[in-house]
Amino acid sequence: ATTETISPPTSFRTLAYTVSVVILVVWMVILAVYLLNHFPGENLFHQRQLYQSMGEVNHLLAMLATFIMLPLTVVLPPVLLRKKNRLKMSLCINVVSCLVLTLYLVTGLTWAIMCPTSLLLTNLLVLATQQLTTIMLLACISIMS
């Protein structure tokens with residue numbers, strides 16, 4: 001009697017998904033290093049220019065949420081095989097994403113309170129769009145969790 005081992009079919013979808021995830025993770029690391037290297041560290045909290053540094057912190061949080069947290073919410077959970085681990089990973093990433101987006105919302109409002117009125121009036125539409133988009137993203141992520 002001959003014994004034949006039956007191997008499961010090879011799926012190239014997992015290979016393509018794995019390669020795309022690796023490329024995305026490398027791209028996210030490059031963007032994170034770029035953002036942290038170009039973030040002004042000295043003279044960050046002078047009272048005269050506090051609204052400018054708050055705007056820079058707001059911009060940094062926006063880039064971190066856009067380039068790192070939101071892609072991770074989509075890409076990382078399907079990598080795990082067990083449903084329980086996927087659920088835990090998805091929940092953790094969604095909670096951290098919500099925290100980053102909440103900080104983004106708060107720093108935007110803080111910037112609006114601190115900045116001069118003439119600057120606020122010129123950027124009012126951008127600020128309103130930023131706040132509404134952040135609230136919608138928070139709602140979507142909280143529904144996903």
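These are my notebook entries on a predicted model of a single chain.

**Entry 1. Ground rules**

I number residues from 1 along each chain as its sequence is written, and my side-chain values use heavy atoms, with hydrogens and water left out. The model is predicted, and local features need pLDDT of at least 70, side-chain atom pairs count only at pLDDT 80 or more, and totals for chains, interfaces and linings use all residues.

**Entry 2. Overall layout**

I looked up the secondary structure and found five helices and zero strands. I took helices (H or I, at least four residues) and strands (E, at least two) as DSSP runs, numbered from the N terminus. Along the sequence the pattern reads α-α-α-α-α.

I then checked burial, with buried meaning under 20% relative accessible area, exposed over 50%, and partly exposed in between (1.4 Å probe, protein chains only). Of the 145 residues in the chain, 30% are buried.

For contacts I used heavy atoms within 4.5 Å. Among contacts between residues at least 6 apart in sequence, 69% join residues at least 24 apart.

**Entry 3. Nonpolar cores**

A nonpolar core here is a set of buried Ala, Val, Leu, Ile, Met, Phe, Trp, Tyr and Cys residues joined through side-chain atoms within 4.5 Å. The largest one has 16 residues, and I68, L72, V100, L101 and L138 touch the most other members. Helices α1 (12-37), α2, α3 and α5 each give this core at least two residues. A separate second core has six residues, A112, C115, L120 and L127 among them.

Apart from neighbours within four places in sequence, V100 is in contact with L61, A65 and M69.

**Entry 4. The second largest pocket**

I wanted to know which residues line the second largest pocket. They are G55, N58, H59, A62, Y104, W111, N123, V126, L127 and Q130. The search ran on a 1 Å grid over the protein atoms alone; a pocket is an open set of points where a 1.4 Å probe fits, with protein on both sides within 12 Å along at least five of seven lines, and lining residues have an atom within 4 Å of a point.

The elements giving two or more residues to this lining are α2 (50-75), α3 (83-114) and α5 (124-144). Helix α2 supplies the largest share, four residues. The volume is about 180 Å³, taken as the space filled by probe spheres set on the points, with grid points joined across faces, edges and corners.

I sorted the lining by class and got five nonpolar, five polar and no charged residues. For this, Ala, Val, Leu, Ile, Met, Phe, Trp, Tyr, Cys and Pro count as nonpolar, Asp, Glu, Lys and Arg as charged, and the others, Gly among them, as polar.

**Entry 5. N58 and Q130**

I took two of the lining residues, N58 and Q130, for a closer look. N58 lies in helix α2 and counts as buried because its relative accessibility is 7%. Q130 lies in helix α5 and is also buried, at 14% relative accessibility.

Which side chain makes a polar contact with the side chain of Q130? It is the side chain of N58, at 3.3 Å. A polar contact is a pair of N or O atoms within 3.5 Å; within protein, one must be able to donate a hydrogen and the other to accept it, and residues adjacent in sequence count only if both atoms are side-chain atoms. The side chain of N58 also has a polar contact of 3.4 Å with that of T107.

Not counting residues up to four places away in sequence, N58 touches Y104, T107, G108 and Q130. On the same terms, Q130 touches N58, Y104 and G108.

**Entry 6. Partly exposed residues**

I looked up L24, which sits in helix α1. L24 is partly exposed because its relative accessible area is 25%. Residues up to four places away in sequence aside, L24 touches P71 and V75.

V79 is in the loop between α2 and α3 and counts as partly exposed at 40% relative accessibility. Beyond its neighbours within four places in sequence, V79 is in contact with Y17 and V21. The C-alpha atoms of V79 and Y17 are separated by 8.6 Å.

L124 belongs to helix α5, and its 42% relative accessible area makes L124 partly exposed. From L124 to A112 the C-alpha separation is 8.7 Å.
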